[in-house]
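Please open the model in a viewer and keep the sequence panel beside it.

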Amino acid sequence: MNKLILTASALALGICAAAQAQQAPTTGTSASTPTTGDVSASTSGSATGTPDSVGVSGTGDARAANGGTATTEGSATFNQNTASQRTTATARDEDERARAMSRSRASKNGADTSHSMSIYKERGEKPVISREHEVTTPKEKAGATQP
């Protein structure tokens with residue numbers, strides 16, 4: 001039996017406004033669907049904000065076999081005070097669906113957040129859902145960057 005595997009990958013967006021001598025905490029999450037079936041999807045996202053810079057990054061990977069389809073997409077926006085990113089990976093075939101999403105936001109003066117979620121659904125079965133959420137508060141950021 002021949003198996004055709006379609007793969008789509010995206011390294012979505014790394015942005016950093018300035019180098020920081022002190023080590024700032026990175027807020028990051030990831031989510032992935034089970035890899036036992038013909039489709040799978042995974043994403044990750046991270047955010048780092050300091051009083052001098054903001055940065056975000058995200059990755060996505062989707063795989064589909066046996067004639068399925070796989071897509072990834074990512075986007076980012078930023079200005080002097082905040083940066084945010086979104087990454088989505090989706091894979092499907094006749095009887096399975098997999099989707100993973102990550103969203104991260106960095107701020108110079110506020111909290112840094114990262115959210116990731118994945119959903120895997122096989123026909124006739126309940127969906128398998130996973131979620132991950134992380135926040136770094138301004139107080140935690142200030143304590144980590146003190147000399």
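Which residue in β9 is the bridge partner of Tyr120? Select Tyr120 and look across to β9: the partner is Val128. Strands, like helices, are DSSP runs numbered from the N terminus (strands are E runs of at least two residues, helices H or I runs of at least four).

Before the next selection, note that this is a predicted model, in which local features need pLDDT of at least 70 and side-chain atom pairs count only at pLDDT 80 or more, whereas totals for chains, interfaces and linings use all residues. Residues are numbered from 1 along each chain as its sequence is written, and side-chain values use heavy atoms, with hydrogens and water left out.

**The whole chain**

Colour the protein by secondary structure. The protein has 147 residues, and 37% of them count as buried (under 20% relative accessible area with a 1.4 Å probe, protein chains only; over 50% is exposed, and in between is partly exposed). Among contacts in the protein with a separation of 6 or more, 59% are between residues 24 or more positions apart; a contact means heavy atoms within 4.5 Å.

**The five-stranded sheet**

Next, select β5 through β9. These five strands form an open antiparallel sheet, in the order β5-β6-β7-β8-β9; two strands pair if DSSP finds at least two bridges between them. At the edges are β5 (69–78) and β9 (128–136), each of which pairs on one side only. On average, neighbouring strands of this sheet are turned by 5° against each other, direction ignored (axes are lines fitted to C-alpha atoms, and angles run from 0 to 180 degrees between N-to-C directions).

**Across the sheet, pair by pair**

- Begin with β5 and β6, an antiparallel pair with ten bridges. Three residues lie between them in a hairpin, and Ser75 has Arg86 in β6 as its bridge partner.
- Move to β6 and β7, which are antiparallel over eleven bridges. The hairpin that joins them passes through three residues. Select Arg92 to find its bridge partner Arg97 in β7, then Thr88, whose bridge partner in β7 is Met101.
- Continue to β7 and β8, which run antiparallel and are joined by ten bridges. Their hairpin has four residues between the strands, and Arg99 stands opposite Ile119 in β8.
- Finish with β8 (residues 112–122) and β9, paired in the antiparallel sense over nine bridges. This is the pair that holds the bridge between Tyr120 and Val128.

**The largest pocket**

Which residues are the closest to the centre of the largest pocket? Select Arg86, Met101, Ser102, Arg103 and His115, from a lining of 13 residues. The pocket contains about 210 Å³ of space, a volume being the space filled by probe spheres set on grid points joined across faces, edges and corners. A pocket here is an open set of points on a 1 Å grid over the protein atoms alone, where a 1.4 Å probe fits, with protein on both sides within 12 Å along at least five of seven lines; lining residues have an atom within 4 Å of a point.

At least two lining residues come from each of β6 (82–92), β7 (96–107), β8 and β9, and β7 gives the most, with four. Colour the lining by class to see two nonpolar, six polar and five charged residues (Ala, Val, Leu, Ile, Met, Phe, Trp, Tyr, Cys and Pro count as nonpolar, Asp, Glu, Lys and Arg as charged, and the others, Gly among them, as polar).
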